[in-house]
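Please open the model in your viewer and switch to a cartoon view. We will walk through it one selection at a time.

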Amino acid sequence: MRAMNRRKHVHARETGSFWLSFSDMMSVLVLVFIFVIFSMMLSLAEQTERLKKTEDQYTEAMIRMKKSEAELNEKEQMLIYQSDQLSELTEELNNKTILLSEKEEELKKTLDENNVIILDLEKRLADEIEENENYKTRIMMLEGNKQAQQDEIDRLLVDIDKQKKELDALGIDYKNLMSYTNQTLLELENTQSQLASANSQLSDANSRLDSQNQALSTYEDEIERQQKMIEQMVGVKAQIIEALSNELSRNNISVTVDAQTGAITLPSEMLFAVGENTLSDRGEDYLDRFLPVYLNVLLSDDFSGYIAEIIIEGHTDSSGKAGYDAYLYNMQLSQQRALSVTNYVLRQEYMGYILGLPIEKQSLLRTLVTASGRSFSALIYNPDGTENKDASRRVEIKFRLKDDQTIGATEALLRK
């Protein structure tokens with residue numbers, strides 16, 4: 001019984017120990033579990049922080065990417081703009097190259113003409129020099145003859161004086177001798193008269209030579225002055241034509257400036273209805289774009305001092321009207337159209353508000369602008385020789401430099 005109690009007691013003690021060990025083990029497991037949970041929470045917090053940092057980096061990367069995309073788009077737009085600018089500059093360069101080639105051809109032609117004139121002048125100068133040399137040779141010959149005759153006179157005078165002394169010594173009668181002497185003196189006087197005539201001829205020859213040299217020098221100076229004036233005025237006209245072409249092109253006004261004369265042709269249908277002389281709304285709009293650009297170039301400080309006249313010319317085709325003389329009818333129509341454009345541009349409010357000209361430039365413009373009707377005196381023809389009626393109906397705007405007429409007369413003189 002006692003043994004049985006002892007076993008029970010031992011079993012109970014062992015059972016209590018078991019539960020105590022199990023409780024300790026569970027406590028350890030709970031601690032381990034809490035430690036694992038805490039570690040996982042720490043790891044989760046670190047991963048959350050890293051994830052936030054990653055998200056911030058991603059956001060910053062997206063911002064940089066969007067900024068880069070905006071910069072790339074801006075650069076692409078700039079590249080497109082620069083490409084357009086390059087195309088425009090290339091086209092402008094091509095136009096200037098063509099214009100330069102035309103100018104070079106014109107200058108070469110002018111230089112060839114001037115070379116022909118210079119060669120002719122050099123030939124004439126050589127002829128004048130040769131003639132002058134001939135005059136000098138004749139003068140030298142006359143001077144030589146004069147000296148020889150003077151020496152002969154001196155010798156005769158010495159001989160006469162010697163003979164007179166000999167006759168005085170011999171006591172010879174002087175009458176016959178004086179007669180001979182007088183005759184000799186008359187011959188000497190005739191010789192001196194001839195010498196005076198020769199001297200007069202020599203003086204006339206020298207005078208003519210000086211006059212010819214002076215005239216030649218004056219002629220050469222005049223030719224040089226006129227040549228410089230021609231070169232200057234041709235250069236000014238070329239500068240005006242180039243400035244007009246550049247400004248009209250820059251303002252997207254599609255008209256052609258004549259490379260030789262600077263004339264600009266405006267189609268009539270753009271300004272007037274067929275058979276009418278009143279500007280259309282479309283025509284006024286076009287003039288409002290064209291005239292400020294055109295007149296700002298001609299009236300600029302660089303060129304206004306050279307402009308003598310701005311001419312507005314009306315032209316028609318050869319079509320007439322029943323019951324009217326065709327030429328006179330079109331003369332009146334072309335004159336009225338030129339006057340319509342002139343009246344439009346010379347209005348006080350137009351010059352002031354649309355063109356923006358100061359008072360002095362307005363007064364200058366009124367003195368420069370003229371209107372002219374040409375009827376169908378200057379028709380334009382198709383390649384097959386038939387009349388191009390559309391092209392013939394037009395308004396031309398031209399300018400004339402102050403010395404254009406003088407240059408024309410001078411060129412005609414140089415050609416002679």
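**Whole chain.** Bear in mind that this is a predicted model. With everything selected, you have nine helices and four strands in view. Followed along the sequence, they come in the pattern α-α-β-α-α-β-α-α-α-β-α-β-α. If you colour by burial, 25% of the 416 residues count as buried. A surface view shows about 28500 Å² of accessible area, with 56% of it belonging to carbon and sulfur atoms.

**The sheet.** Now select the strands: in which order do they lie in the sheet? The order is β1-β4-β2-β3, in an open sheet with mixed pairing. Next, pick out β1 (264-267) and β3 (369-373) at the edges; each has a single partner strand, so one side of each is left without a neighbour in the sheet. Look along the sheet as well: neighbouring strands are turned by 20 degrees against each other on average, direction ignored.

**A strand pair.** Zoom in on β2, residues 307-315, which runs parallel to β3 and is joined to β3 by five bridges. To find one bridge, select G314 together with its partner in β3, G373.

**The helices on the sheet.** Show residues 281-298 for helix α4, which packs on the sheet and touches β1, β2 and β4 (394-401). The direction of α4 makes about 10 degrees with that of β4.

Notes:
Residues numbered from 1 in each chain as written. Predicted model: local features only at pLDDT ≥ 70, side-chain atom pairs only at ≥ 80, totals over all residues. Heavy atoms only, no water. Pairing = 2+ DSSP bridges. Helix = DSSP H or I, 4+ residues; strand = E, 2+ residues; numbered from the N terminus. Axes fitted to C-alpha atoms, helices over the stretch in contact; angles between N-to-C directions. Contact = heavy atoms within 4.5 Å. Buried < 20%, exposed > 50% of the residue type's maximum accessible area, 1.4 Å probe, protein only. Areas by Shrake-Rupley, 256 points an atom, 1.4 Å probe, with all protein chains shown as cover.
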